[in-house]
Amino acid sequence: MTAQIDSTKWVRVAALDNARWCDAICRSHGLTGEFDAAAWASAQRTPMLYPDAVTLSPHTAADQLLRRIDRTAPGASIKDSFACLELSAAGFHILFEAQWIYRPADLRPPASSRPWTPIEDPDSLSTWATSWSRDPLVRKVFRPQLLVDDSVTVLGRWGGGRLTAGAVAHRSGDVVGVSNLFHPGIEAAEAWAECASTIHQLWPGRSIVGYEHDEDLIGAIHNGFTPVGPLRVWVASSQRRSADVR
């Protein structure tokens, strides 16, 4: 008989791991975020593609959260981990919606004969970032400082002398969080099989969490991941001054 998954628990676990990953990215850029029971938040604008706040409780108050981020410059964003905030009146709109996913530690690893390898030097990280994004400004999010963070491992799949897929594995407590998965050279299901198998080999006994949508969500589900709850990412529709927050 299959054990019932405590979805609320795993949403909280996945959201906390993701917040710690966002904090790791910020620290690699010399920024410091703050954690409390309600959320992780950065008072300074975070690097491109990363939120200014990640909620850690479904009871987080929107007005208090908005006071913790910089709204004087364009582009403020919030990861609404429980898809329960209403930020339209504050000048935000939904950028995208996704599902938190969870793969238990005791589930057999997907069948895969191709392990992914850690990226260990700045030149390889630059190559990885170029494969991850064609935008040179976006690629600058991944700085060499990440390579000395013990909680972070950047993984790459090499084939024919080039990177054909990759992801970031972030360790937090008893879980490994997967983010930034890309796979221009292979199908989503194959990428998830190889990535999950590699994680189980490198860090046995840890569950895997993350979030996905569209084909990558389908590929993850095909490889033993279970959707456990929705999330939303909100972005400011226009520049607003901090004095507008009530």
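Modeller: D36 has a relative accessible area of 38%, so D36 is partly exposed. Please bear in mind that this is a predicted model.

Colleague: With which residue does R68 form a salt bridge?

Modeller: R68 is itself partly exposed, at a relative accessible area of 22%. Its closest N atom lies 3.0 Å from the O atom of its partner, and that partner is D36.

Colleague: How far apart in sequence are the parts that the pair R68 and D36 ties together?

Modeller: R68 lies in the loop between α2 (62-66) and β4 (77-80), whereas D36 lies in the loop between β1 (34-35) and β2 (39-41). The pair therefore ties together parts whose separation in sequence is 32 residues.

Colleague: Is R157 buried or exposed, given its relative accessible area?

Modeller: R157 forms a salt bridge with E190, with the closest N and O atoms 3.3 Å apart. The two belong to distant parts of the chain, R157 to strand β7 and E190 to helix α5 (residues 188-202). E190 is partly exposed at 35%. R157, by contrast, has a relative accessible area of 7%, below the 20% limit, so R157 is buried.

Colleague: Which residues are linked with R27 in a network of salt bridges?

Modeller: The side chains of R27 and D149 meet at 3.4 Å, N to O. This pair links helix α1 (residues 7-28) to the loop between α4 (136-139) and β7 (152-159), 122 residues apart. R27 is partly exposed at 44%, while D149 is buried at 15%. The residues linked with R27 in the network are D23 and D149.

Colleague: How many salt bridges does the count come to?

Modeller: The pairs R27 with D149, R68 with D36 and R157 with E190 are among them. The count comes to seven.

Colleague: Which strands are the edge strands of the open sheet?

Modeller: The open sheet has 11 strands with mixed pairing, in the order β1-β2-β3-β4-β11-β5-β10-β9-β8-β7-β6. An edge strand pairs on one side only, and this applies to β1 and β6.

Colleague: Over how many bridges do β5 and β11 pair?

Modeller: Strand β11 (residues 226-236) and β5 run in the antiparallel sense. Y102 stands opposite T226 in β11. The number of bridges over which β5 and β11 pair is 10.

Colleague: At about what angle does helix α6 run to β5?

Modeller: Helix α6 (residues 214-222) lies across β5, β9, β10 and β11. Its angle to β5 is about 10°.

Colleague: Is S113 buried or exposed?

Modeller: S113 is found in the loop between β5 (92-103) and β6 (117-118). Its C-alpha atom is separated by 8.8 Å from that of S197, 84 residues apart along the chain. The relative accessibility of S113 is 78%, over the 50% limit, so S113 counts as exposed.

Key: Residues are numbered from 1 along each chain as its sequence is written. This is a predicted model: local features need pLDDT of at least 70, side-chain atom pairs count only at pLDDT 80 or more; totals for chains, interfaces and linings use all residues. Side-chain values use heavy atoms; hydrogens and water are left out. Helices (H or I, at least four residues) and strands (E, at least two) are DSSP runs, numbered from the N terminus. Buried means under 20% relative accessible area, exposed over 50%, partly exposed in between (1.4 Å probe, protein chains only). A salt bridge is a side-chain nitrogen of Lys or Arg within 4 Å of a carboxyl oxygen of Asp or Glu. Two strands pair if DSSP finds at least two bridges between them. Contact means heavy atoms within 4.5 Å. Axes are lines fitted to C-alpha atoms, for helices over the stretch in contact, and angles run from 0 to 180 degrees between N-to-C directions.
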